[in-house]
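Here is a colleague's note for someone reading a protein structure for the first time. Please keep the sequence and the structure open beside it, and look up each residue as it comes.

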Amino acid sequence: MHEMSLCEGIRGIVEDQARRHGFSRVTRMRLEIGRFAGVEKAALSFAFDVVMRGSPAEGAALEMIDLPGRAMCFDCAEQVELDDRLSPCPLCGGGRLMPETGDEMRIRDMEVI
């Protein structure tokens, strides 16, 4: 379950930012998660609750925002949105695609007090 290690990284960021900016509590966190990131949202939510115990983000509401997966199709030279990394081009049916976005995960913002 790599979601646990993802949350440990998030906790490190939260603690670093709390020291830098002097906040004591995170009330809400929004994460952007790409379609191809391989993140299981239910597992991430569970891990977030467990890993954030004892941190400024303990009890924070977690919102996950889906980001689309996009690729460049070398057959029709168009940027297309894909449902799955291995899907063919939805415009021309071609299979020569270079993924450009969709594998990212990042903290979009945090509400703090």
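**Notes on the predicted model**

1. In the UniProt record, which is an unreviewed entry, the annotation "binding site" covers H2; UniProt positions are given in the numbering used here, feature names are shortened, and annotations may be inferred rather than shown by experiment. Residues are numbered from 1 along each chain as its sequence is written. This is a predicted model, in which local features need pLDDT of at least 70, side-chain atom pairs count only at pLDDT 80 or more, and totals for chains, interfaces and linings use all residues, while side-chain values use heavy atoms, with hydrogens and water left out.

2. H2 is found in helix α1, where helices (H or I, at least four residues) and strands (E, at least two) are DSSP runs, numbered from the N terminus. With a relative accessibility of 39%, H2 counts as partly exposed; buried means under 20% relative accessible area, exposed over 50%, and partly exposed in between, using a 1.4 Å probe and protein chains only. If neighbours within four places in sequence are left aside, H2 is in contact with G38 and V39, contact meaning heavy atoms within 4.5 Å.

3. An open sheet of three strands has the order β2-β1-β6, and its pairing is mixed; two strands pair if DSSP finds at least two bridges between them. Strands β2 (61-67) and β6 (105-112) stand at the edges with a single partner strand each, so one side of each is left without a neighbour in the sheet. From one strand to the next the twist averages 20°, with axes being lines fitted to C-alpha atoms, for helices over the stretch in contact, and angles running from 0 to 180 degrees between N-to-C directions.

4. Strand β1 (residues 26-34) runs antiparallel to β6, and seven bridges join the two; the bridge partner of R28 in β6 is E111. Helix α1 (residues 2-21) packs on the sheet and touches β1 and β6, its direction making about 45° with that of β6. Helix α2 (residues 41-51) also packs on the sheet, touching β1 and β2, and its direction makes about 150° with that of β2.

5. Which residues have the most contacts inside the largest nonpolar core? They are C7, I10, F48, M52 and A57, in a core of 18 residues; a nonpolar core is a set of buried Ala, Val, Leu, Ile, Met, Phe, Trp, Tyr and Cys residues joined through side-chain atoms within 4.5 Å. At least two residues of this core come from each of α1, β1 and α2. C7 has a relative accessible area of 0% and is therefore buried, while A57 touches V14, V26, F48 and M52, not counting residues up to four places away in sequence. Apart from this core lies another, of seven residues, including V80, L82, C89 and L97.

6. Three further strands deserve a look. They form an open sheet with antiparallel pairing in the order β4-β3-β5, whose edge strands, β4 and β5 (97-101), each pair on one side only. Neighbouring strands of this sheet are turned by 40° against each other on average, direction ignored.

7. In a regular strand the side chains alternate between the two faces of the sheet. Strand β3 (residues 69-73) pairs with β4 in the antiparallel sense over four bridges, and R70 stands opposite E81 in β4.

8. β3 and β4 form a hairpin with five residues between them. A77, in the loop between these strands, has a positive phi of about 60° although it is not a glycine, and because its relative accessible area is 51%, A77 counts as exposed.

9. How many disulfides are there? Taking a disulfide as a pair of cysteine sulfur atoms within 2.5 Å, the count comes to zero. C76 is in no disulfide, since the nearest cysteine sulfur, that of C73, is 3.7 Å away.

10. F36 is found in the loop between β1 and α2, and at 13% relative accessibility F36 counts as buried. Not counting residues up to four places away in sequence, F36 touches residues including G69, R70, L82 and T101.
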